[in-house]
Amino acid sequence: MALSIALILGVLAGTGLSACPYAGQATAPPACPYASKIGQDASVAVSPDSLRKRAPPAADKLGVMYLNRIAPSGSQLWIADADGSNAAKLMGDQDAPFDYHPSWSPDGEWIVFTSERRADGQADLYRVKPDGTGLEILVSTDSFEDIGVLSPDGSKLAFVSTAVNYTTNIFVKDLNTGVSTNITGGDATVSSFVGPHSFFRPTWSPDGQWLAFSSDVNTEWTGHSDGTGWEHTQALALYVVRPDGSDFRKVVGADGYCFGSPQWSPDGTRLVYYNMTAEATYASHGTSFQQIETVSQIFDVDVATGLDVQQLTSDDSLKVSSGYVGQNNNIGYLIKAGPNAGIHYTTADSTHAYINSTLRDPWWSPDGSKIVYTIYEWEQRQAEKELFSWDSQFDYRFMDVFPQLNPASGRLATTEKVLGNSSSNVLLTDADYSNPVTAFNVYDINSTDAEKALYASGLAGAFQPTWNSDGSKLAVGFGVWFFDRVIYPGTLYLFDNATGSGSYENLTDGTLNAGFPSFSPDGTKIVYRLWNWTSGPLGLHVLDLETGNTTRITDGWDNTPGWSPDGERIVFTRQTNWTAEYGGRWYADRFDICTVKPDGTELTVLTDSEANDAHAVWSDDGRIFYSSGMYGFRDESALYDNTFQPYGQIIIMNADGSNKTMLTDSLWEDSMPAYVRSSYFN
């Protein structure tokens, strides 16, 4: 049922863009992982002590798969009185806790929560007593499980899982028999499996007869900035279904809007939820500076009819995570950012007062006297940190961006964008991230105050380093990327695998924005992308290093090319909806993975999902890694923080596009993979 125009127009949003979600957040808690580095001179060398030698992969593994993850580094559950007093850790005896998304059982006896205590990235469900004792595992598989809620009689658990086709669905587990049943995601609930079709945030009706939840089913993939942006927004509506999957129906929704996190009233007649534009969901999962300019409101609706919609808040702030408090009509909710960040109540009193905090995931006890919530940590993961491995043949480990191993030298090149001092220099290390050398220092090229600010924000630097075959030289794209490429140039540089000598050869003149180079296997050529705002993208070009001649091999909106190990093909990402008359923009959000022969023939599109597929790189065995949003969001987009594309997961496929296989299945944004075989660690 669509809302009235008057109610819909009550929700407005500002969506300031930022190419790096960690930029400019030096003072806002919870601490952004890169905030402390923004005021730091990024030209300062990194201490070798932080780059110590790591252990080789296990003997039964083929090697390590490096990847980059944008996510908090940990999280702790806290419990407090409803006014924030007497706050204490729910389970204070943990080392490196990673627990989040708590819910209180209707009888007040249990707190259910999600935990990555098994390994970084692997989400399972647990429950514990409110005094922190009696910990039990509820659901633990290698799929993603989240948002567990116990039924009023305590016999069933509703939760979210990706066990069916890597897409989030609502499951109900009988705690007596141990049987879990998927109650969403079938033909009766999804009319089209082409677009988004995920289900989120289940909650039980007080009588246990219904489950309410949000879903983006039967919507379309849409980029931010009215469809012209790269990252997706999220439109959600509210639904209910019986615990056996019958009587599925939509309660309320509106085109272009996001209605999320429904919670039942004590009498079971109404649902409270947050309401924002779909456009606002992009800024909602960005930095605090984006969030403070974004507006949402709290509403409730009659469940039976989808009518009698009431707006319960009106101030200009970003509000989420609402819920009825106790057995009355008082409603608590969270403001995510700004001077009034924290817990608010529609009816404040002596026991339900404003809590000034950057907490997340609030849930009130059944009597309304207590609140349980999450405090997230944003310390930077260290290189080689162990992650959960979905592929049993490889150890998964964290790494900086654009990792590329040179087989001849056994050295690893990365762009130092998140580790060290986040300078976006090119760092060379051994395969295990020991013996570091800064081989390309961006400050040797440009150290003006304006450029320093761009380095610190993540908008500029040395991106996608690439090795020649014998490991004696590298090339890299240096300049300004993302939105500011219209103002600043991007230039290709060639440099020696040396000790940061500062001797760099300019391969392009900076007239156009050239970037993202890749050496041919024989080391005689470099492919790169060329871009100009006035005339739009200029496709991929191949530079012959022996003759100096350049050949254009594609004419689309093409990016991040990579030469195959056998030299036969070049992989790249294409905006497949772009045509030349669009110039320097596109009108529909669609990116796919393609390959082409080095002479420009036999261009082949390998992916066909309507979600974005990008960041493709070759594995050492001639397959193609890429990041994809095809399986949708893992949670409501507006509830994330400090992230670009929280739906991004890593897939690998054969060079012809066959045998697509998921390699990650986490709540977080995973990208930038590389295989490093065990022999390089010895």
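**The whole chain**

Start with a surface view: the chain exposes about 24,500 Å², with carbon and sulfur atoms supplying 49% of that area (Shrake-Rupley method, 1.4 Å probe; for residues, only the protein chains shown count as cover). Keep in mind that this is a predicted model, where local features need pLDDT of at least 70 and side-chain atom pairs count only at pLDDT 80 or more, while totals for chains, interfaces and linings use all residues. Residues are numbered from 1 along each chain as its sequence is written, and side-chain values use heavy atoms, leaving out hydrogens and water.

Switch to cartoon and you'll have six helices and 48 strands to look at (DSSP runs numbered from the N terminus: helices are H or I with at least four residues, strands E with at least two). The radius of gyration is 25 Å, close to the 26 Å that the globule rule gives for 682 residues, so the chain is as compact as a globular protein of that length (taken over C-alpha atoms; the rule is 2.2 Å times the number of residues to the power 0.38). Along its principal axes, the C-alpha trace spans about 80 × 55 × 50 Å.

Colour by accessibility next: buried residues make up 61% of the 682 (buried is under 20% relative accessible area, exposed over 50%, partly exposed in between).

**Aromatic pairs**

Now show Phe, Tyr and Trp side chains. Rings, using the six-membered one for Trp, pair if their centres lie within 6.5 Å; planes under 30 degrees apart are stacked, over 60 edge-to-face, and the rest tilted. By that rule there are 36 aromatic pairs.

Select F440 and Y504: a tilted pair, 4.5 Å centre to centre with 40 degrees between the planes. F440 is in strand 31 (437–440) and Y504 in strand 35 (504–506), 64 residues apart. F440 counts as buried because its relative accessibility is 0%, and Y504, at 17%, counts as buried too.

Then pick W481 and F516, whose centres are 5.2 Å apart with planes at 50 degrees, so this pair is tilted. W481 is in the loop between strands 33 and 34, and F516 in strand 36. Both W481 and F516 are buried.

**Charges over rings**

Last stops. Select R127 and W110: the charged end of R127 sits over the W110 ring, 4.1 Å from its centre (NZ of Lys or CZ of Arg within 6 Å of the ring centre and within 35 degrees of the ring normal). Then try R249, which lies over the face of W210 at 5.8 Å from the ring centre.

Technical notes:
Buried means under 20% relative accessible area, exposed over 50%, partly exposed in between (1.4 Å probe, protein chains only).
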